[in-house]
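Please keep the sequence and the three-dimensional view at hand while reading.

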Amino acid sequence: MAPHAGPRTRTSLRLVCPEEVVLRRSAAGSRPRGRYDDLADRRLAAILAAEDTAQEHGLSPHTRTTCYVHRCWVHQCVSDPLHVIVVTGHRWCRRCECPVDVDVDESAPGSIRLSCDRCGEPDSAANREVLSSCRTSLAAMRGGDAPTLYSVPGP
Ligand SMILES: [Zn+2]
Ligand SMILES: [Zn+2]
């Protein structure tokens with residue numbers, strides 16, 4: 001396995017050609033941050049950037065409605081293994097020592113449910129935080145009845 005992994009990884013790391021790098025750099029020059037410039041959903045991009053800044057100033061990463069790594073609403077990627085944080089107990093059942101599943105239903109009115117295969121509902125402060133951030137994320141994505149979290153500048 002290892003001999004194949006080396007060259008493949010190298011190829012996949014070469015993401016952009018030099019011309020693209022130059023273009024990206026000049027585009028980034030007009031804005032303070034360019035990490036989300038290519039996202040089609042500009043409202044999501046604005047909230048991502050706002051939460052990145054807020055996090056630098058003390059916002060807990062666990063209360064964010066967007067994901068810095070996956071660049072989407074947090075309820076959309078919370079099922080990714082990366083969101084199981086054993087140390088803090090987020091998406092982790094301490095009682096059973098196993099990851100917690102998240103059921104996300106985006107269709108109206110929308111619901112988020114945490115479940116543990118072994119004990120049912122894993123109730124802890126950390127998992128309540130996961131639940132709360134996902135619910136806020138779902139509401140923020142819709143931008144409907146819930147109040148807007150941030151004022152988003154127009155295009
Ligand atoms: Zn994520
Ligand atoms: Zn459990």
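Is E97 buried or exposed, and how many other C-beta atoms lie within 10 Å? E97 is exposed, because 9 other C-beta atoms lie within 10 Å. A residue is called buried if 20 or more other C-beta atoms lie within 10 Å of its own, exposed if 12 or fewer, and partly exposed in between, with C-beta atoms placed from the backbone.

The model is predicted: local features need pLDDT of at least 70 and side-chain atom pairs count only at pLDDT 80 or more, while totals for chains, interfaces and linings use all residues. Residues are numbered from 1 along each chain as its sequence is written, and chains are lettered from A and ligands numbered from 1 in the order in which they are written.

**Overall architecture**

- The protein chain holds five helices and six strands; helices (H or I, at least four residues) and strands (E, at least two) are DSSP runs, numbered from the N terminus.
- Along the sequence, these elements follow the pattern α-α-α-β-β-α-β-β-β-β-α.
- The protein chain has 155 residues, of which 20% are buried.
- Of the contacts between residues at least 6 apart in sequence, 41% join residues at least 24 apart; two residues are in contact if their C-beta atoms, placed from the backbone, lie within 7 Å.

**The largest nonpolar core**

- A nonpolar core is a set of buried Ala, Val, Leu, Ile, Met, Phe, Trp, Tyr and Cys residues joined through C-beta atoms within 7 Å.
- The largest nonpolar core has 19 residues, and V74, C134 and L138 touch the most other members.
- Helix 3 (42-56), strand 3 (92-93), strand 6 (111-115) and helix 5 each supply at least two residues of this core.
- Helix 5 gives the most to this core, namely six residues.
- Leaving aside neighbours within four places in sequence, L138 is in contact with H75, E106, G110 and I112.

**Helix 5**

- The 18 residues of helix 5 should span 26 Å at 1.5 Å a residue, and the end C-alpha atoms are 26 Å apart, which agrees; the expected span of a helix is 1.5 Å times one less than its number of residues.
- The buried residues of helix 5 are N127, V130, S133, C134, S137, L138, A139, A140 and M141.
- The cover over these buried residues includes helix 3, strand 2 (72-73), helix 4, strand 5 (101-105) and strand 6.
- L131 lies in helix 5, which runs over residues 125-142, and L131 is partly exposed because 18 other C-beta atoms lie within 10 Å.
- Beyond its neighbours within four places in sequence, L131 is in contact with I112 and L114.
- Between L131 and H90 there are 9.7 Å in space, C-alpha to C-alpha, although the two are 41 residues apart in sequence.
- Just after helix 5, G143 takes a positive phi of about 60°.

**Helix 3**

- Helix 3 has 15 residues and reaches 21 Å from its first C-alpha to its last, close to the 21 Å expected at 1.5 Å a residue.
- L44, I47, L48, A49 and E51 are the buried residues of helix 3, and their cover includes strand 1, strand 2 and helix 5.
- Just after helix 3, G58 takes a positive phi of about 120°.

**Strands 5 and 6**

- Strand 5 and strand 6 pair in the antiparallel sense over five bridges; two strands pair if DSSP finds at least two bridges between them.
- The bridge partner of V102 in strand 6 is L114.
- The hairpin of these strands has five residues between them, and G110 there takes a positive phi near 85°.
- P109 lies in the loop between strand 5 and strand 6, and a cis peptide bond with omega of about 0° joins A108 and P109.

**Loop residues**

- V78 is in the loop between helix 4 (74-77) and strand 3, and V78 counts as buried because it has 24 C-beta neighbours inside 10 Å.
- Not counting residues up to four places away in sequence, V78 touches H83, V102, V130 and C134.
- Most residues other than glycine have a negative phi, and most peptide bonds are trans.
- R71, in the loop between strand 1 (66-67) and strand 2, is a residue other than glycine with a positive phi, near 55°.
- R71 counts as partly exposed because it has 17 C-beta neighbours inside 10 Å.
- E97, in the loop between strand 3 and strand 4 (98-99), is a residue other than glycine with a positive phi, near 55°.
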